[in-house]
Amino acid sequence: MLDQMDISREIPDEELWAMIDEAIADRGTKRPSLLMREAAREQVFHALRGLDVLQELIEDPQITEIMVNGYRNIFYEKNGQLLQWDKQFSSNEKLEDVIQSIVAAGNRMVNEAAPIVDTRLPDGSRVNVVLAPIAIDGSVITIRKFPAHPMQMQDLLDMGSLSPEIAEELGRLVQAGYNMFVSGGTGSGKTTFLNALSGCIPEGERVITIEDSAELQLNGIPNLVRLETRVANMESVSEIPIRQLIRTALRMRPDRIIVGECRGAEALDMLQAMNTGHLVRASYQRFYRYSLMTIGSLTNTEKQGVHACL
């Protein structure tokens, strides 16, 4: 297939499917069964246009997490249960090709000099990559998928995650402009809950979101600005961290600032933004523990200010 493709032009999907069918039909006198042909054409198409063996998992709406531990071991979470995929990449080289394809699509770079990267897929799914030999048993990909339709407060009520009284009270707090922290462990639903809370923001407000890799799904906010961090690379492109984006957002006339996830020193910038009168909502992983880590590098005056805010 690669020998036949004209890489000097963009080949439409329909033409690529036809080329695959022709290649399968020319595999000799022994014709494969219909089931084998369908499996082969889909496998080749995903290898050329998608994410190889991961594409089937990506397209399954019931799968929420995909974990690749080297090219032989693939796990996924479906309906809250962790399972091992019965397929694998054909080689470690194919896994590396898929990693570079994912990272390039997100305008990021990963290599031996910078072996860890956070990015996202075109559908908004969050991706973390750690290359070998930092990952001892082979390069690791972790993909956090998000639903096609963002979770709303009513969805949480239907699932029994919230009582009507709590949902009503939270809605009033959001509309009144209270600063809020959403705290919890990995995979506990912080981002999902933050999306649901954002549905209570009154119309006509200017909202700025700040994230490591854009994953918030905010609808119904026409005056929305989405900011994303940038990592430094070998081409003299400088890093733009969350701390810098928070300071920049304060100069953009925000009514509300939403930080996707806060893990370190940017917690102080968040608290300072609150003290300027700006409405801030943030998702924190174990906020108080990380705050203590941040406080350790502050002056005594700054520590007193953080403790007062907490």
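How many residues line the largest pocket, and which of them lie nearest its centre?

Author: The model is predicted, so local features need pLDDT of at least 70 and side-chain atom pairs count only at pLDDT 80 or more, whereas totals for chains, interfaces and linings use all residues. Residues are numbered from 1 along each chain as its sequence is written, and side-chain values use heavy atoms, with hydrogens and water left out.

The largest pocket is lined by 35 residues, and R126, R144, F146, G187 and G189 lie nearest its centre. The elements that each contribute two or more residues to this lining are β1 (63-69), β4 (116-120), β5 (126-130), β6 (140-144), α5 (153-159), β7 (180-183), α7 (190-198) and β10. Helices (H or I, at least four residues) and strands (E, at least two) are DSSP runs numbered from the N terminus. The greatest contribution comes from α7, which supplies four residues. The space in the largest pocket is about 920 Å³.

A pocket is found on a 1 Å grid over the protein atoms alone, as an open set of points with protein on both sides within 12 Å along at least five of seven lines; a cavity is a set where a 1.4 Å probe fits but cannot get out, and lining residues have an atom within 4 Å of a point. Points are joined across faces, edges and corners, and a volume is the space filled by probe spheres set on them.

By class, the lining of the largest pocket comprises nine nonpolar, 14 polar and twelve charged residues. Here Ala, Val, Leu, Ile, Met, Phe, Trp, Tyr, Cys and Pro count as nonpolar, Asp, Glu, Lys and Arg as charged, and the others, Gly among them, as polar.

Strand β10 (residues 256-262) includes R256. With 3% relative accessibility, R256 counts as buried; the term means under 20% relative accessible area, with exposed over 50% and partly exposed in between (1.4 Å probe, protein chains only). The side chain of R256 makes a polar contact with the side chain of E205 at 2.4 Å. Such a contact is a pair of N or O atoms within 3.5 Å; within protein, one must be able to donate a hydrogen and the other to accept it, and residues adjacent in sequence count only if both atoms are side-chain atoms.

The second largest pocket has a volume of about 320 Å³. Its lining consists of 14 residues, with Q43, V44, D52, V53 and K87 nearest the centre. Helix α2 (residues 34-49) gives the largest share of that lining, six residues. The lining divides into five nonpolar, four polar and five charged residues.

The largest cavity holds about 40 Å³ and is lined by F146, P147, P150, M151, T191, T192, N195 and Q217. Four of these lining residues are nonpolar and four polar, with no charged residues.

The largest nonpolar core has 26 residues, among which L54 and F89 have the most contacts inside it. This core receives two or more residues from each of α3 (55-58), β1, β2 (73-78), α4, β5 and β6, and α4 gives the most, with five. A nonpolar core is a set of buried Ala, Val, Leu, Ile, Met, Phe, Trp, Tyr and Cys residues joined through side-chain atoms within 4.5 Å. In α4, the buried residues are K94, L95, V98, I99, I102 and V103.
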